[in-house]
There are 2 protein chains.
Amino acid sequence: MKWKRSERLVDMTCHLLENPHKLIPLTFFSERYQAAKSSISEDLTIVKETFEEKNTGKLITVSGAAGGVKFIPKVAENEVRDVMKSLMAELGHSDRLLPGGYLFMTDLLGDPRLMDRVGKVFASAFAEIEIDAIMTVATKGIPIAHAIARHLNVPVVVVRRDSKVTEGPTVSINYVSGSTRRIQTMVLSKRSMKNGQKVLITDDFMRAGGTMIGMKNLLEEFNCELAGVAVLVESDYPHGVLVEDYLSLIKLQAVNEKDRTIELAEGNYFQKGGTET
Amino acid sequence: MKWKRSERLVDMTCHLLENPHKLIPLTFFSERYQAAKSSISEDLTIVKETFEEKNTGKLITVSGAAGGVKFIPKVAENEVRDVMKSLMAELGHSDRLLPGGYLFMTDLLGDPRLMDRVGKVFASAFAEIEIDAIMTVATKGIPIAHAIARHLNVPVVVVRRDSKVTEGPTVSINYVSGSTRRIQTMVLSKRSMKNGQKVLITDDFMRAGGTMIGMKNLLEEFNCELAGVAVLVESDYPHGVLVEDYLSLIKLQAVNEKDRTIELAEGNYFQKGGTET
């Protein structure tokens with residue numbers, strides 16, 4: 001069956017969106033649609049221009065025998081601001097305030113569309129950096145890690161607090177929680193990572209950054225390298241954050257438990273060059 | 001700026017894929033592209049036919065003033081078999097065998113593309129059932145729950161083993177683990193679910209089904225209703241499974257720890273009517 005251009009464009013778009021950061025040879029499409037490579041090239045130009053116009057992402061063409069096309073999810077500044085605005089509107093409700101100055105965020109972390117947008121925003125910021133895996137700590141960071149991972153086409157590695165039989169042999173480290181100064185344990189399955197991988201670490205919330213330091217230490221045990229840090233909400237920490245370089249979407253500036261007020265601001269995403277402007 | 005049909009098709013496809021199970025009024029598209037509704041209708045026919053041809057899903061048109069178009073992710077039988085085959089090929093490696101007859105699956109649960117496919121396969125099976133939320137138990141079920149949720153456009157609710165300050169007030173129940181007969185605890189944030197919701201429960205692995213029964217009991221505490229059960233891998237349990245109705249992709253039939261062999265089969269997905277054939 002021969003495909004019309006209009007049909008090819010629809011199906012090609014599906015295929016590219018489902019396979020970000022993956023080089024797809026032109027022959028894949030020309031065989032799939034029984035079409036000449038020149039027609040496929042023209043199709044891809046239309047897809048590329050539409051993706052750019054609507055800030056869906058970039059379509060990169062690699063020429064040569066091992067060439068093809070690669071879809072790189074990218075967001076524009078207005079999408080990042082939109083995600084920040086939605087998050088701030090949600091997080092600002094006083095009934096989210098929990099004892100100890102924490103915010104209830106579980107419902108937001110359970111919203112798949114929001115997580116998808118957050119994931120794309122972070123994937124966009126790290127699109128040009130070499131990343132082999134996304135690491136997070138159970139439980140709350142998992143949806144964010146998976147959302148980023150899907151847009152970057154890399155696996156997720158989940159650090160746990162306890163060792164379980166289903167993880168097989170594990171490596172465990174102790175670290176000091178940044179704000180409470182308690183000794184805590186982190187456990188990672190030995191099979192989860194290979195030597196020499198470049199790893200982006202992420203979490204839903206960061207106060208002093210102790211958990212991030214814990215994950216960083218764990219990376220060293222696996223001879224892996226830190227490629228970046230992505231945080232959904234950072235909390236202002238008067239004694240200074242333990243990690244130097246991180247990207248955040250939202251900053252929790254102050255909470256007043258007596259008046260039940262929450263002060264939020266944009267995170268450092270734009271200062272840290274999360275998007276080209 | 002006026003959009004050409006080819007550009008509209010690409011962008012429309014992106015928008016539909018990003019918003020499954022969501023009614024989008026035709027006016028949304030006609031305003032977005034500055035095009036007549038009749039042109040948009042013609043575009044949608046092309047999208048619909050291509051989606052059906054390539055088994056991307058269904059495009060349902062709702063007529064009338066409150067009408068519009070809705071994308072329902074649906075997979076065909078061959079995609080389900082393909083996912084089953086990939087899972088069996090991966091899970092069959094003898095080095096996945098862990099003490100107690102468990103299989104190491106953590107790496108597969110960390111593969112975002114595989115999880116996306118698994119999520120679509122389950123979302124496809126439950127596409128015609130009313131579902132308000134997906135429930136799972138931390139940690140391993142979370143990627144599957146989120147993948148299903150994204151394709152069904154409903155939130156994820158995560159049950160925990162322990163209570164944490166960041167969850168706010170919680171409801172806790174005790175249940176008996178099906179295979180080890182130990183008393184275990186499950187905790188769910190009170191804000192996680194509203195009364196009367198229809199909930200699909202999911203997990204990565206099911207032996208006797210104790211965890212599923214625990215989640216079912218928790219649903220009752222919230223006056224919620226069980227809408228279905230989706231399991232990635234079920235293990236053959238000689239004493240009978242505690243849950244009556246569930247959908248599984250893979251069945252772990254036998255493991256031989258001495259010979260280090262793993263016997264796998266297709267789950268009950270097709271018998272339970274996971275796809276129309």
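The model is predicted, with local features needing pLDDT of at least 70 and side-chain atom pairs counting only at pLDDT 80 or more, while totals for chains, interfaces and linings use all residues. Residues are numbered from 1 along each chain as its sequence is written, and chains are lettered from A and ligands numbered from 1 in the order in which they are written.

**The sheet in chain B**

Let's start with the open sheet of chain B, where 6 strands follow the order β6-β5-β9-β10-β11-β12 with mixed pairing. Helices (H or I, at least four residues) and strands (E, at least two) are DSSP runs, numbered from the N terminus, and two strands pair if DSSP finds at least two bridges between them. Because β6 and β12 of chain B stand at the edges with a single partner strand each, one side of each has no neighbour in the sheet. From one strand to the next, the twist averages 25°; axes are lines fitted to C-alpha atoms, for helices over the stretch in contact, and angles run from 0 to 180 degrees between N-to-C directions.

| Element of chain B | Residues |
|---|---|
| β5(B) | 133–137 |
| β6(B) | 156–159 |
| β9(B) | 198–206 |
| β10(B) | 225–235 |

Strands β5(B) and β6(B) run parallel, joined by 4 bridges, and Met135(B) sits opposite Val157(B) of β6(B). Helix α8 (residues 210–221) of chain B lies across β5, β6, β9 and β10 of chain B, at about 160° to β9(B).

**The domains of chain A**

Chain A splits into domain 1 (5–73) and domain 2 (77–266), with bounds from an automatic or database domain assignment. Their C-alpha centres lie 33 Å apart.

Notes
Contact = placed C-beta atoms within 7 Å.
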